[in-house]
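Please keep the model open while reading and find each residue as it is named.

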Amino acid sequence: MAFRAASTVNTSDDDRPIAEAKTGDRRFQDQFQHQWEASALTLLLLFTAYALRTWRLGSQSFWWDDAYSTMVASRSLSDIVATIAREDYHPPLHYFLLHYWMRLVGLSEFSLRYLFVAAGVLTVAVGSAVGRRLVGPRAGVIVAVVFAFSPYLFYYSQEARPFALVAFWGILSLYFFIRAVDDPSWRHWLGYTAALALGFYDLYYALFLPFAFGGWLLLTRPTRWREFGRWLVATLAAFVLFLPWVPIFLGRASVWSSTMPPDNGPAKIVYWSWLDFFIGLPTLDLYGQPLPMTLLSLGAVLTFAGIAFIWRCRSKQPLLILPILAFAAPLLAMAVVSALKPIFHPRYAMPAAPGLYLLLGIAITMTTDRDRRRWRILGSALAAVSALSFAYGLAHLEFDPTYARDNYRGALAYVKGIEAPGDTIIDNAIPPVWYYYHGPAPTTYFPSGDYSEAHVVKGLNSLTANHPRLWYIQNLLIPSDPDNFVETQLRLHAQLIHEAWFGAIRVQLWGIPHPDVFSTTTFTPVTLNLADGLTIDGYAMNGEAKGSETVDVELDLQTRQTPSTDDGFWVGIDDQQGNEWGRADVRPRDANLRLSSGWTAGERVVVRFDLPIAPGTPPGHYQLVAGAYRLSDLAGVNVLDASNHPIGQRAPLGTVEVIQADHAQTDPKLTKQYDSAVAPGLILAAAELRPTTLAPGDQLPVTLLWRSTRPLNGISASLKLASASGQTLLAASAPVGGAYPSTRWTVGDLIREQRTLVLPANISAGPADVLLVVSGSPPIKLGSVTILAINRSFSASKLPTATDVNFGDTIALVGYGISSQQVTPGGQLTVSLDWHALRETKQSYHVFVHLLDAHNQVWAQWDGVPHNWTYPTSAWVTGEYVLDQPVLQLPNRVPDGDLTLEIGLYNPTTDQRLPASDSSGKLADDRFVLGQIAVAKAH
């Protein structure tokens, strides 16, 4: 396509770019040889945008949001308003438009989405017109390209939600504002007011857009008060038109919250929206992948460079910076709002999109102008990165099933294909079921109301009273049953007949043996005090415990007082050596779906776990253990004895019998897969060792997964640690299978074995190989590790208070210091401890530091490996001194008066404390008191 100087083109004032009409600057006259060429290309791009948006328009199912819009819009106008006032967080315009649209075109996915396709194509057309007015015909074409192929605009042009309309109202208000600045006619300001008001009635975040226009006037024309007054009147008129809806808006905004609020702070709003703006895929994992991360980073840098270039041109054409403000002002306003209301999704950032795509098109146009050769690299790079980003996003939106809309159409077709008279349906997605299912079975959203096991049991018994079969349609991405009470009840008391998956949607058909089959859990009573805030009053285990499967575990909790933090809970099974064979963690919620900091004193909460048993776990008796930790920093919560004295951070609940599993294949989670014969009848299926960087005294856990192919006699295997020169640094031999030796295996058994190598304190530093030797067979290399060197001290530190307290015959405390004798609520206290190793030990003892009141209640504590978990006692050599400085964080509520500061050492496997004795050798206690700490109120 040929270009020539704009001076040879004869245009009217209405068609001339504002840059030429107002400034006469020829460099801005970047025009086509003939105006009709630009018009023809723009029409071609509009057709392409239309074809792209209608291609496969009805191929994907309605997902929750599409179906919700259709369901609400099918009601009367008064019912639409009542529904929004009761449950929605969006204004009503798109519902009203759909209400009348569906009466014209029907209810198919294609026809209902077509309204938003039209909005998407009109957005491209108006965007092109704005670019043409600001810079010239070439800019109009390039802006049309950006708008037409933006994956963000494309995606929401194929969805029956308000977002495509929001982009249209936004670019339309921008167009009328530019026309009004050029020609302050009442009809342009009227169009501006109408576009703004329609945007307000489509998305609340559109309320921020007019402030970009006012900001532009104040920034570029601070003395033209008459012009500012026109904008103010036109903008206030739009807000006045919105006034009838303000009471509903304020009512919904006041309750705009979530029982499970995401972490959507201001910074996340910006980079999450940028991901969707540039690639169209709101998946934050893309920031960890090389290609999209490169595109996003380059796109951001080049876009800012384009903004800088446009900013340089502001003196000759001030309107060029308007798209920058139209992009930045709404997005930054949303980021500010997120500090108060963190519920956000990039689709809500649609009011900022027209400004961004307009400035991209203008920046590409102007930097690739033939009179700006030194800027062509920037313009070409911005165009190339934008094209690659858009192509990446469009390809994934169209062909990657990860980004396909939820397939409720397939799920409900599956139900209709095999349903029978007497069936009933429960689901967690009312709108899609309403749209796609029109069969005889009653449908119920479940669970609803108070969320508890007892409520779920009562509901299931009521819903299945006269129905022998129950359909359960569940979108697993919707957290309607976070503790999985429904599935647990079905698994324990009903029979699974059919199960099918449609993406994230699971469809199950359950047979109900008899009425009132579902029942609440019967708990085995226990009494475990967790930091004097919560108690575990009972536990229950349902189902068989065997390798490669999960078992249902439930805890009956009661709050003594409202916890000051949100807590997580875990359960696991341990053997007698303390090895863990399965663990499950949950963030429990009460009947109102509140985390623990929202629980009230005396409230009971049932917490449910799917406890996985590791593949190959040998049959036998294990211990069921439980504990809790703060979600804020993952610090463990102390278990207290009857005297409110800390006894560790894990507590035994009872005994679990694990039975032999059916012949499993392997454990794919283990990093090393072998399936190699290492002795007659014995196969090493898989193995794993972690971590790979260690220091003297550290433990190296090694997991071995064996399989037998014939009856076996006793077989031994050695684990060796060999240096790079082949020297054996450490060796340990034990029977294959450990506590469950190979003589007890049956043919085909998959047996897991856990071994631990404890590195001696004096082991040589450097790289080392971990070798497995079975019955004299050639060694098998399981992996490599790096052993770090340690800088040791053999002289005592100079601390304020010298002492001589022995803990057992292993470690002595020779001095200590306290950062302050007085603390305030919410403050910190640092304790300096100078330990002296009396002899070497293979045991990694934990240090505890507690602040207790007169009733032995712990108000602040630190428990763990010395040096903030980095220097275990098993690494200390005889005569070594170790300076440890744990920090205690006090809660915001601490009683006034004196607290006792105590320290000690204990075995974390048995929770047994080391006895403390003075210099005379007389047994003193299992702790050592450093003194009293005064608590003063904070000023």
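1. Ala768 is buried, because its relative accessible area is 3%, and buried here means under 20% relative accessible area, whereas exposed means over 50% and partly exposed lies in between (1.4 Å probe, protein chains only). Ala768 sits in strand E25, which covers residues 766-774; helices (H or I, at least four residues) and strands (E, at least two) are DSSP runs, numbered from the N terminus.

2. This is a predicted model, in which local features need pLDDT of at least 70 and side-chain atom pairs count only at pLDDT 80 or more, while totals for chains, interfaces and linings use all residues. Residues are numbered from 1 along each chain as its sequence is written, and side-chain values use heavy atoms, with hydrogens and water left out.

3. What does Ala768 touch, if residues up to four places away in sequence are not counted? Its partners are Leu721, Ala722, Ser723, Leu729, Gly783, Ser784, Val785 and Ile787, where a contact means heavy atoms within 4.5 Å. The C-alpha atom of Ala768 is also separated by 8.7 Å from that of Gly726, although the two residues are 42 residues apart along the chain.

4. Turning to the whole protein, there are 23 helices and 39 strands, and the C-alpha atoms fill a box of roughly 105 × 75 × 65 Å along the principal axes. Of the 939 residues, 55% are buried. Among contacts with a separation of 6 or more, 71% are between residues 24 or more positions apart.

5. The largest nonpolar core has 151 residues, and those with the most contacts inside it are Phe177, Phe277 and Tyr357; such a core is a set of buried Ala, Val, Leu, Ile, Met, Phe, Trp, Tyr and Cys residues joined through side-chain atoms within 4.5 Å. Helix H9 (residues 163-182) gives the largest share of this core, 16 residues. A second, separate core of 36 residues includes Val823, Ala837, Val847 and Ala860. As background, nonpolar side chains in soluble globular proteins tend to be buried together.

6. A search of the whole structure finds 50 aromatic pairs, a pair being two rings of Phe, Tyr or Trp (its six-membered ring) with centres within 6.5 Å, called stacked if the planes are under 30 degrees apart, edge-to-face if over 60 and tilted for the rest. Phe177 and Phe213 form a stacked pair, with 4.9 Å from centre to centre and 15° between the planes. This pair links distant parts of the chain, since Phe177 is in helix H9 and Phe213 in helix H11 (residues 210-220), 36 residues apart, and both residues are buried.

7. Trp225 and Phe228 make an edge-to-face pair, because their ring centres are 6.0 Å apart and their planes are at 85°. Both lie in helix H12 (residues 225-242), 3 residues apart, which is about one turn of the helix. Is each of these residues buried or exposed? Trp225 counts as exposed, at 57% relative accessibility, whereas Phe228 counts as buried, at 17%.

8. In H11, the buried residues include Pro210, Ala212, Phe213, Gly214, Trp216 and Leu217. The cover over the buried residues of H11 includes H9, helix H10 (186-200), H12 and helix H16 (322-338).
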